[in-house]
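Colleague: I would like to go through this structure with you slowly and ask, at each step, what stands behind the words used for it.

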Amino acid sequence: MRSRAARALSPELLAERALAIIDADGLEALTMRRLAADVGVKAPSLYNHVANKDELIDGALRVMRAEFRLPSPAPEHWKPLLVAIFIEYRRVLAAHPNMIPLAGRRLPGESQSGLVYLTSQGFTTEESVEIWQSLLALTVGFSMFSSGQADTDTRELPAPLHERAAHWRDETFVLALVNLLAPYDPGAGDSPVAFRGEPVQ
């Protein structure tokens, strides 16, 4: 007869516990053995509920993204709506900094609704991808620096610059979002990006 702990297991519970382990000790700490010990069963029991570690990570990511909340009512115009979306995404990433490397990971069955939304607003495919990738890169990069996942050494700067550059403020992030979107206008023709060099290999 299975133990009470084994009977209580579910993919949802395992995903929640996987996220808790990642939050506490990082992605590398999540193993089937560690998770099994956390929920009080032997590792083989987990495979009745999840196929492998990748599926666990997908579950943890789904739990994290379920924390995403937009203001109600949501902004109707595309620019303030995208600003609100990425401010909220940064808030969620700040609560789970060890998940930042997975911020752009697409889950099975997940639609690229942001890109579809941009095309519905009149942007071309090229413009939509350009805007979405830029917003994602800005949000992930800012989240990495503000959480300490990445570092800039400001010790050699004059004191006022060192003190200011050591802090990644929310206002700076919002300003960067607004400035990034400012040149874009659906249906205006060419992308506002002035320089298009050779792609980075």
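Colleague: Where is Leu27 found, and why is Leu27 called buried?

Modeller: In this predicted model, Leu27 sits in the loop between helix H2 (11-25) and helix H3 (32-39). Its relative accessibility is 19%, and because buried means under 20%, Leu27 counts as buried.

Colleague: Which residues is Leu27 in contact with, leaving aside its neighbours within four places in sequence?

Modeller: Leaving those neighbours aside, Leu27 is in contact with Ile22, Lys53, Asn98, Pro101 and Leu102. Asn98 is 71 residues apart from Leu27 in sequence, and yet their C-alpha atoms are 6.6 Å apart in space.

Colleague: What makes His96 count as buried, and which side chain does a polar contact join to that of His96?

Modeller: His96 is found in the loop between H6 and helix H7 (113-120). Its relative accessibility is 6%, and since the limit for buried is under 20%, His96 counts as buried. The side chains of His96 and Asp23 are joined at 2.8 Å, and because a polar contact needs a pair of N or O atoms within 3.5 Å, this pair is a polar contact. Not counting residues up to four places away in sequence, His96 touches Leu19, Asp23, Met64 and Glu67.

Colleague: Is Arg69 buried or exposed, and how do you know?

Modeller: Arg69 lies in the loop between helix H5 (53-65) and helix H6 (78-95). Its relative accessible area is 54%, and because exposed means over 50%, Arg69 is called exposed. A polar atom of the Arg69 side chain lies 2.6 Å from the backbone oxygen of Ala66, and the C-alpha atoms of Arg69 and Arg91, which are 22 residues apart along the chain, are separated by 9.7 Å.

Colleague: Why is Val174 called partly exposed?

Modeller: Val174, in helix H10 (residues 170-181), has a relative accessible area of 30%. Together with Ile87 and Val178, Val174 makes a nonpolar surface patch of about 190 Å².

Colleague: What makes Ser128 count as buried, and what does its side chain reach?

Modeller: The place of Ser128 is in helix H8 (residues 125-147). Its relative accessibility is 2%, and because buried means under 20%, Ser128 counts as buried. Its side chain reaches the backbone nitrogen of Thr119 at 3.5 Å. Apart from neighbours within four places in sequence, the residues in contact with Ser128 are Leu115, Leu118, Thr119 and Phe123.

Colleague: How many aromatic pairs does the structure hold, and why is the pair of Trp78 and Phe123 called edge-to-face?

Modeller: There are six aromatic pairs in the structure. The ring centres of Trp78 and Phe123 are 4.8 Å apart and their planes stand at 80°; because planes over 60 degrees apart count as edge-to-face, the pair is given that name. This pair links distant parts of the chain, with Trp78 in helix H6 and Phe123 in the loop between H7 and H8, 45 residues apart. Trp78 and Phe123 are buried.

Colleague: What makes the pair of Phe142 and Phe173 tilted?

Modeller: Their centres are 5.3 Å apart, with 50° between the planes. Because stacked means under 30 degrees and edge-to-face over 60, while the rest count as tilted, this pair is tilted. Phe142 belongs to helix H8 and Phe173 to helix H10, 31 residues apart, and both are buried. Ring pairs also link Phe142 and Phe173 with Phe145 and Trp168 into a cluster.

Key:
Residues are numbered from 1 along each chain as its sequence is written. This is a predicted model: local features need pLDDT of at least 70, side-chain atom pairs count only at pLDDT 80 or more; totals for chains, interfaces and linings use all residues. Side-chain values use heavy atoms; hydrogens and water are left out. Helices (H or I, at least four residues) and strands (E, at least two) are DSSP runs, numbered from the N terminus. Buried means under 20% relative accessible area, exposed over 50%, partly exposed in between (1.4 Å probe, protein chains only). A polar contact is a pair of N or O atoms within 3.5 Å; within protein, one must be able to donate a hydrogen and the other to accept it, and residues adjacent in sequence count only if both atoms are side-chain atoms. Patches are made of residues with over 30% relative accessible area and no salt bridge: like charges are joined within 9 Å, nonpolar side chains (Val, Leu, Ile, Met, Phe, Trp, Tyr) within 5 Å. Accessible areas come from the Shrake-Rupley method with a 1.4 Å probe; for residues, only the protein chains shown count as cover. A salt bridge is a side-chain nitrogen of Lys or Arg within 4 Å of a carboxyl oxygen of Asp or Glu. Contact means heavy atoms within 4.5 Å. Rings of Phe, Tyr and Trp (its six-membered ring) pair if their centres lie within 6.5 Å; planes under 30 degrees apart count as stacked, over 60 as edge-to-face and the rest as tilted.
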